[in-house]
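Here's a quick tour of a protein chain for you to follow along with. Keep the picture open while you read, and look up each residue as it comes up.

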Amino acid sequence: TVPEHIKKVPKSVVGLQPGDKISVEELLHGLLISSGNDCAETLACAYPGGKDRFVRAMNVKAKSLGATSTFFYTPSGLDRKVVLESGEAVRSNLSMARDISRIARVAFSNDRIRSICRKTAHVLPSATSSKGYAVRTTNKLLRDNMPIVGGKTGYTSRAGHCLATALAPSRKDVFLIVVLGSPNHFRDTRLVYRKALSETRKLAK
């Protein structure tokens with residue numbers, strides 16, 4: 001069930017309406033295809049114990065995957081504002097490229113996540129509206145002729161443009177590329193991929 005406070009969640013959002021009922025799989029479509037922060041919020045609020053326990057579970061899972069320099073404050077990746085005696089402060093989610101690669105490797109090994117990440121558009125069914133919620137991908141690499149296995153974009157004003165991408169140019173070669181804080185994360189991912197592909201082909205000769 002979509003929580004009542006959902007309209008307070010900052011963009012990007014799918015536009016979920018309070019009280020609507022959306023399945024977990026459909027929320028994953030909104031989250032992974034169009035970076036719907038409201039989908040992440042809804043999933044977290046539905047977790048046993050609520051959002052705070054969900055975020056704690058995220059941190060436990062990250063550590064179990066070896067992402068020891070990663071810490072989450074929110075389910076969506078957005079910064080969290082907190083009020084202190086000295087004034088308002090911002091708690092930013094923290095990670096590094098190696099940690100994100102560890103998390104992405106596990107995520108993109110999941111058939112359902114891989115399938116959703118490769119979709120360019122989708123309509124989430126709604127229990128309250130016949131139109132549902134139409135979403136389009138935030139990943140421009142899906143327009144290219146690239147062997148993408150999985151991918152996820154991200155952005156905050158502090159982190160800049162980020163992108164984790166898994167590409168499989170052959171059955172034996174899989175590249176996992178993580179770009180953080182880039183002015184053009186799509187261009188940089190293409191450049192790294194071409195370089196990696198070139199070096200791999202040299203080694204194969």
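Let's start with Cys117, which is buried, with a relative accessible area of 4%. Keep in mind that you're looking at a predicted model.

**Why no disulfides?**

- How many disulfides does the structure hold? The count is zero.
- A disulfide needs two cysteine sulfur atoms within 2.5 Å, so it's worth checking how far apart the sulfurs sit.
- For Cys117, the closest cysteine sulfur belongs to Cys39 and is 13 Å away, which is too far for a bond.
- Cys39 has its own closest cysteine sulfur in Cys45, but that one is 12 Å off, so again it's too far for a bond.
- Cys39 is also buried, with a relative accessibility of 0%.

- Where does Leu27 sit? You'll find Leu27 in helix α1, which covers residues 24–34.
- Leu27 counts as buried because its relative accessibility is 3%, and buried means under 20%.
- Setting aside residues up to four places away in sequence, Leu27 touches Leu16, Ile22, Cys39, Thr42 and Leu43.

- The peptide bond joining Lys11 and Ser12 is cis, with omega at about 10 degrees.
- Ser12 belongs to the segment before α1.
- Ser35 isn't a glycine, yet its phi is positive, near 55 degrees.
- Look for Ser35 in the loop between α1 and α2, where α2 spans 37–45.
- Is Ser35 buried or exposed? Ser35 is buried, since its relative accessible area is 14% and the cut-off is under 20%.

**Tyr73 in its loop**

- Tyr73 is in the loop that runs between α3 (51–64) and β1 (80–84).
- With a relative accessible area of 25%, Tyr73 is partly exposed.
- Which residues does Tyr73 contact, leaving aside neighbours within four places in sequence? They are Val55, Arg80, Arg91, Ser92 and Asn93.
- Tyr73 and Arg56 are 17 residues apart along the chain, and 8.5 Å separates their C-alpha atoms.

Note on methods. Residues numbered from 1 in each chain as written. Predicted model: local features only at pLDDT ≥ 70, side-chain atom pairs only at ≥ 80, totals over all residues. Heavy atoms only, no water. Buried < 20%, exposed > 50% of the residue type's maximum accessible area, 1.4 Å probe, protein only. Helix = DSSP H or I, 4+ residues; strand = E, 2+ residues; numbered from the N terminus. Contact = heavy atoms within 4.5 Å.
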